[in-house]
Amino acid sequence: MSLKELAQLDRNLTCIFADVSDEGLQSDGTVYVEGTDHFRGEFTMTDAGGKASTTQILKTGNASYMWSENEPGGIMIRLDEGDDSLVGNTQVTTNNVTAFEENKSFTFSCEEWTPDSAIFTPPAGREFIDFNAQLQQQLQKRTNARDQ
């Protein structure tokens, strides 16, 4: 099952997984799901050289937040109404390796849980850049440059 499919089950679950890619990239993580509107994943990626990085993804309603433990900030992506993806059309990469693939299948070990709303709250003290606003600014700059 993929992370996206797991998030669409409309159940309250906490799951763990571990995987090793053909390139030797080891990934493991814990996922928390509440219904279909709340998802949080804590993912650790370890490359073949042993360098690890941790990324977290939080989807609550029509917004997704992503941050790395090694960075002070993060990004926020507003999802279109009816978008059932976890991060929209954004691809998350770490060290030029795709760190989050919502459609990739994993083997999960899951159990029911009683959701804790604190899990689905963006971390305090971390500044999130509005990805949609930045993308819109870039598109506007390109349009203005083209029109001149």
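Here is a short tour, one selection at a time.

**Before you click.** This is a predicted model, so local features are reported only at pLDDT of at least 70 and side-chain atom pairs only at pLDDT 80 or more, while totals for chains, interfaces and linings use all residues. Numbering starts from 1 along each chain as its sequence is written, and side-chain values use heavy atoms, with hydrogens and water left out.

**Whole chain, cartoon.** From the N terminus on, the order is α-β-β-β-β-β-β-β-β-β-β-α. Of the 148 residues, 38% are buried (under 20% relative accessible area; exposed is over 50%, partly exposed in between, with a 1.4 Å probe and protein chains only).

**Colour by pLDDT.** This is the predictor's confidence in each residue, from 0 to 100. The average is 84, and 88% of the residues score at least 70. Now select residues 93-99, where pLDDT stays under 50. Where pLDDT is low, the predicted coordinates should not be read in detail.

**Select C15 and C110.** These two form a disulfide (cysteine sulfur atoms within 2.5 Å), with the sulfurs 2.0 Å apart. C15 sits in strand β1 and C110 in strand β9, so the pair ties together parts that are 95 residues apart in sequence. The S-S torsion is about 110 degrees, so the disulfide is right-handed. C15 is buried at 1% relative accessibility, whereas C110 is partly exposed at 35%.

**Select F17, then its surroundings.** Which residues beyond four places in sequence does F17 contact? Look for S27, D28, G29, V31, F43, F106, T107 and F108 (contact: heavy atoms within 4.5 Å).

**Zoom out to the core.** F17 is one of the residues touching the most other members of the largest nonpolar core, which has 17 residues (buried Ala, Val, Leu, Ile, Met, Phe, Trp, Tyr and Cys joined through side-chain atoms within 4.5 Å). Helix α1, β1, β2 (26-34) and β3 (38-46) each supply at least two residues of this core. A second, separate core of 10 residues includes A63, Y65, W67 and F120.

**Last stop, D10.** Find D10 in the loop between α1 (3-7) and β1 (13-20). D10 is exposed, at 54% relative accessible area, and its phi is near 60 degrees, a positive value in a residue other than glycine.

Methods: Helices (H or I, at least four residues) and strands (E, at least two) are DSSP runs, numbered from the N terminus.
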